[in-house]
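Let's take a friendly walk through this structure together. Have a look at the whole chain before we go on to single residues.

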Amino acid sequence: MKSSSEFNFDDLQGLLRFGHGKLTDSCFLLLNIKDADAAKQWLSAAPVTNAMANPHLKTALQIAFSIEGLLALGIKDSLIEGFSDEFITGMSGNESRSRRLGDVGANAPEYWDWGGDATQVPHLLLLLYAAKGGIKAWRKKVEGKDFSSAFELLRQLPTLDIGQIEPFGFADGISQPSVDWSQQQTTDTHDRDRYSNLLAVGEVVLGYPNEYKQYTARPLIDPKTDPIAADLPTAEDQPKFKDFARNGTYLVLRQLDQDVPGFWQFIEKEAEADPEKRTQLAAAMVGRQRNGSPLMPESVEDIPGIPSSDHLNHFTYQGDPVGNRCPIGAHIRRSNPRTGDLPSGSNCIFSRLIKILGFGLKRPDEDLVASSRFHRLLRRGRGYGPVLAPEDAVKPNAPAAERGLQFICLVANISRQFEFVQNAWSMSSKFGGVQHERDPLLGHREPLMSGADTDQFNRPDPAGPVLKTCHLPQFITLRGGGYFFMPGLSALKYIAAMPTNRSDETL
Ligand code: HEM
């Protein structure tokens with residue numbers, strides 16, 4: 001058994017371990033490569049931040065590449081083949097993918113500001129962070145003098161320090177999986193029947209065992225054919241090979257515009273201007289109060305990966321099968337149903353045995369929601385746009401502005417983690433027994449092919465009939481997005497040392 005201090009954090013980019021929350025200023029740059037050799041020279045000296053704990057950190061830099069970026073730098077075909085199909089095809093590169101992700105109607109790639117077609121996919125994403133007031137100087141230092149001959153700036157994404165509050169006004173960044181850096185937790189199904197917040201390293205970092213006890217497929221290199229691979233880590237599962245992706249991850253970025261006045265004015269109308277009803281409906285849609293308090297009571301059970309002192313997170317939906325306290329369709333319940341490998345129910349040994357043997361009664365909420373552990377995301381987004389308090393947003397003359405979230409998540413498997421959550425949990429109009437609704441925050445409201453509507457939000461009320469909210473408008477619109485690969489530091493050195501001419505392929 002290892003301790004987390006034994007984990008080799010110096011080869012990971014820091015964002016895998018930290019959200020850089022204390023570095024309140026940020027600057028996200030989308031770049032294209034103008035001159036591959038100049039770009040590699042810059043990359044070889046870039047002051048990329050690793051994941052070693054550093055309480056004195058005042059600045060940070062993280063770098064990620066799209067497939068187009070890796071191609072522009074001359075990566076070999078044999079390495080490309082090792083990446084996942086989603087990464088190779090890209091977020092907007094396939095109509096079926098767009099439909100599954102809910103990128104239809106106003107969210108369709110044709111309307112995006114960036115990344116919407118192959119010619120608009122940025123090669124590189126630079127994420128810069130600095131302590132208050134320090135971002136301008138940090139950007140200047142990072143860019144150095146030859147930056148503009150190496151790269152073309154496609155777009156600087158807006159970001160703003162709005163603290164731990166997202167633009168609708170809710171506390172954010174409360175629930176994250178705890179990565180099991182010490183690799184102590186078992187992945188055995190029967191021992192993992194209840195919800196655990198402790199997640200196998202291989203779910204977020206490539207080159208380590210995941211929740212299936214498997215190594216996610218990734219690019220490996222035979223060192224005999226490639227002398228510059230010598231400094232890459234060895235593949236743990238296939239020691240004859242060097243592991244190009246070890247200590248790297250996939251980074252999903254989606255620029256999500258939030259219609260803050262539209263959100264609060266709709267809620268105000270539904271609540272007939274009653275402040276209590278307004279608070280209740282908004283909290284039910286999110287699954288938490290604005291200050292982050294969950295709608296569920298604290299669990300009395302131990303939840304691995306969540307200390308009992310973490311009062312905002314120490315809960316599951318175990319005691320609320322129909323959503324009387326937290327509606328099944330609430331954003332946080334859809335995004336992480338907090339289930340274990342066996343369907344929810346009583347914890348007594350006898351009833352667990354009945355379920356293991358498959359004799360338990362099926363409930364309608366047990367369709368898609370089991371086994372959250374295979375679908376967790378490490379969220380690392382930042383908000384943008386001028387702050388508009390809900391109290392001002394409800395006023396008819398509330399100022400419109402571009403506001404939203406640069407949603408970022410880090411995953412080892414884009415399709416099983418981000419795309420599954422987005423498709424099967426957030427955008428699906430059938431989830432956990434509820435129908436005719438998509439995620440009340442994230443969802444588009446396009447009807448189904450059958451014509452059935454999907455713009456409702458239902459809240460069971462133990463004291464009476466279900467509280468139905470109809471004709472929800474779309475509050476969030478996608479403005480751009482892409483899939484990136486964030487390499488480990490030794491792989492970054494390999495990328496910077498690759499020959500630009502890809503003719504070495506035959507070596
Ligand atoms: C503008 C868009 C979004 C807004 C305003 C938003 C807002 C929130 C808020 C207020 C929370 C509760 C705070 C917390 O638990 O950390 C939350 C949690 C969460 N959101 Fe979002 N979110 C957005 C987009 C997304 C997207 C695109 C996904 C994934 C597809 C997502 C997945 C999650 C997850 C996994 C949680 C934690 C749930 C839990 O573990 O209990 N969110 N979000």
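What radius of gyration would a compact globule with 507 residues have, and what does the chain have? This is a predicted model, and in it the chain has a radius of gyration of 23 Å. A compact globule of 507 residues would come out near 23 Å, so the value agrees with that expectation. Along the principal axes, the C-alpha atoms fill a box of roughly 70 × 60 × 50 Å.

The chain is built with 14 helices and 17 strands. Of its 507 residues, 55% count as buried. Among contacts with a separation of 6 or more, 72% come from residues 24 or more positions apart.

H331 itself belongs to helix α10, which covers residues 331–335.

Finally, look at F263, which sits in helix α8 (residues 260–270). Is F263 buried or exposed? Its relative accessibility is 0%, and therefore F263 counts as buried. Leaving aside residues up to four places away in sequence, F263 touches F168, F170, M285, L441 and F475. D161 is 102 residues from F263 along the chain, and the C-alpha atoms of the two are separated by 21 Å.

Notes: Residues numbered from 1 in each chain as written. Predicted model: local features only at pLDDT ≥ 70, side-chain atom pairs only at ≥ 80, totals over all residues. Heavy atoms only, no water. Helix = DSSP H or I, 4+ residues; strand = E, 2+ residues; numbered from the N terminus. Rg over C-alpha atoms; globule rule 2.2 N^0.38 Å. Buried < 20%, exposed > 50% of the residue type's maximum accessible area, 1.4 Å probe, protein only. Contact = heavy atoms within 4.5 Å.
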